[in-house]
Amino acid sequence: MASSTAPSVKDRVDRFFEITKRGSTFGGEIRGGLVTFVAMAYIVILNPIILSGGVDVDGNSLDFAQLSAVTALTAGVMTILFGLVARLPFAFAAGLGINSFLAFSVVGQVTWAEAMGLVVINGLFIVLLAATGLRRLIFEAVPIQLKIGITVGIGLFIAFIGLVNAGFATSTGQASPPVGLGVDGSVATIPTLIFVITLLLGGVLVARRVKGALLIAILVGTVLAVITELIWPVGASNGGENPGGWSLTVPALPTQVFSAPDLGLIGAFNFGAFERIGVLAALMLVFTLVFTNFFDAMGTMTGLSKEARVADENGNFPRIKSALIVEGVGAVAGGATSSSSATVFVESGAGIGEGARTGLANIVTGVLFILAMFLTPLTSIVPSEVASAALVLVGAMMMLQIKDIAWSDFSVIFPVFLTIAIMPFTFSIANGIGAGFIAWVVLRALSGKAREISPLLWIVALGFVVYFARGPIEMLFA
């Protein structure tokens with residue numbers, strides 16, 4: 001009789017996440033998950049900086065330490081959940097566009113608890129759209145050329161984020177030019193120099209196809225940053241008061257390793273905004289949140305799935321409905337923990353560039369985020385200038401998709417161009433997608449190709465018209 005042996009745990013994990021099927025390895029997934037965490041770890045510090053800086057209508061602000069704890073917790077839980085359900089290497093964290101909108105626009109009209117209640121409603125609405133299949137229909141209605149444009153645009157957006165975070169590209173404070181090189185047109189600071197060295201090292205390693213290229217570059221850059229700060233201490237930038245300082249964290253060996261998280265913000269939300277500012281005004285805020293959340297996530301998933309080579313010829317990826325539902329749950333979770341809407345993070349591309357192809361990488365990233373609640377001093381060792389080098393390298397990798405654009409048809413080129421250009425120029429994925437959708441519908445329709453346009457695309461384009469005009473609309477109804 002032939003004896004059969006039960007599959008090992010490793011084999012089960014392999015089959016569940018489809019590691020071998022997608023051409024990946026356990027080592028590649030672990031490295032990818034680690035690199036994604038390193039590229040995203042700054043959110044545990046940056047999200048609290050943004051949210052704690054907003055004072056609500058009652059004069060209250062959120063506590064920095066509590067925000068740091070719930071930011072890490074929400075990112076960890078949602079990243080693991082997405083990895084298990086969607087089985088894709090797309091990590092979650094508080095969306096930067098939405099947290100800024102909350103801190104500097106929404107809480108001027110409502111309290112923080114009421115603002116987070118609006119975020120929860122936004123998430124529930126997105127979950128409903130995903131569960132009914134409407135969100136997937138919209139996703140699939142987007143032409144493949146626009147999906148390629150979204151991928152390329154996100155690549156430029158990632159690179160721009162990296163250049164800005166590293167101090168390589170800075171605001172001039174003038175009308176023209178609005179952005180310049182470094183400090184007064186020069187790479188004049190030690191942190192930016194460390195970024196350049198890390199970037200070039202990573203570029204060489206990637207070009208030579210060295211396994212773990214991004215991770216090696218980040219580790220070397222971090223060690224170099226710590227040594228440099230010991231020899232030539234420049235300190236923190238303190239919001240620009242010290243232009244030559246490190247932007248978020250000063251690279252130094254921590255004096256302590258563990259810190260107990262304060263999770264007091266969990267559940268600190270309510271739905272009183274509708275009574276405070278009226279139903280119409282509250283709905284306009286929800287509308288803005290939904291549009292930003294919906295299309296930022298859609299664009300990011302499109303770009304990451306193509307980069308991970310899990311998308312088909314139409315740009316769709318496995319378990320898309322489940323992925324879209326979980327992304328909506330991330331918004332609910334972010335509002336319920338007062339950490340702002342948790343969504344797919346574009347920095348996941350760093351892990352994908354390192355070899356991540358499955359949800360196993362997400363498990364690694366998620367566990368590290370949960371540990372970060374207790375190890376906040378350790379997560380601050382890697383300066384954002386070093387992590388930014390990985391973002392620029394990933395942006396360069398994603399630019400490779402540009403070769404698949406149909407350059408011979410201007411009714412295709414112009415909408416795709418707007419999608420690519422407006423994302424980094426306005427610092428918003430949703431803005432780039434909206435401009436591309438509207439231009440696609442107008443140009444294709446007036447070029448005699450109206451029948452090729454999905455009815456859903458017409459509706460979404462009209463929705464973006466309302467989205468872009470929401471300021472005057474709010475004033476009109478006010």
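Helices α7 (residues 134-141) and α20 (residues 455-468) cross at roughly 100°, with their axes coming within 9 Å. Angles of 65 to 115 degrees count as roughly perpendicular, so α7 is roughly perpendicular to α20. Keep in mind that this is a predicted model.

Who does the touching at that crossing? On the α7 side there are Leu134, Leu137, Ile138 and Ala141, and they meet Leu456, Leu457 and Val460 of α20. Sorted by class, the contact of α7 with α20 has seven nonpolar residues, with no polar and no charged ones.

Now for the core. The largest nonpolar core has 111 residues, and Phe82, Leu102, Phe295, Ile433 and Phe437 are the ones with the most contacts inside it. Helix α12 gives this core its largest share, 11 residues. In soluble globular proteins, nonpolar side chains tend to be buried together.

| Residue | Touches |
|---|---|
| Phe437 | Val142, Leu146, Phe295, Met298, Leu457, Val460, Ala461, Phe464 |
| Leu289 | Ile98, Phe101, Leu102, Leu118, Val119, Asn122 |

Phe437's partners include Leu457 and Val460, two of the α20 residues that meet α7.

Is Leu289 buried or exposed? Its relative accessibility is 2%, so Leu289 counts as buried. Leu289 sits in helix α12, which spans residues 279-307. One of its contacts is Leu102, which is also among the residues with the most contacts inside the largest nonpolar core. As for Val13, its C-alpha atom is 37 Å from that of Leu289, and the two residues are 276 residues apart along the chain.

Technical notes. Residues are numbered from 1 along each chain as its sequence is written. This is a predicted model: local features need pLDDT of at least 70, side-chain atom pairs count only at pLDDT 80 or more; totals for chains, interfaces and linings use all residues. Side-chain values use heavy atoms; hydrogens and water are left out. Helices (H or I, at least four residues) and strands (E, at least two) are DSSP runs, numbered from the N terminus. Buried means under 20% relative accessible area, exposed over 50%, partly exposed in between (1.4 Å probe, protein chains only). Contact means heavy atoms within 4.5 Å. Axes are lines fitted to C-alpha atoms, for helices over the stretch in contact, and angles run from 0 to 180 degrees between N-to-C directions. Angles under 35 degrees count as roughly parallel, over 145 as roughly antiparallel, 65 to 115 as roughly perpendicular and the rest as oblique. Ala, Val, Leu, Ile, Met, Phe, Trp, Tyr, Cys and Pro count as nonpolar, Asp, Glu, Lys and Arg as charged, and the others, Gly among them, as polar. A nonpolar core is a set of buried Ala, Val, Leu, Ile, Met, Phe, Trp, Tyr and Cys residues joined through side-chain atoms within 4.5 Å. Lists of a residue's contacts leave out its neighbours within four places in sequence.
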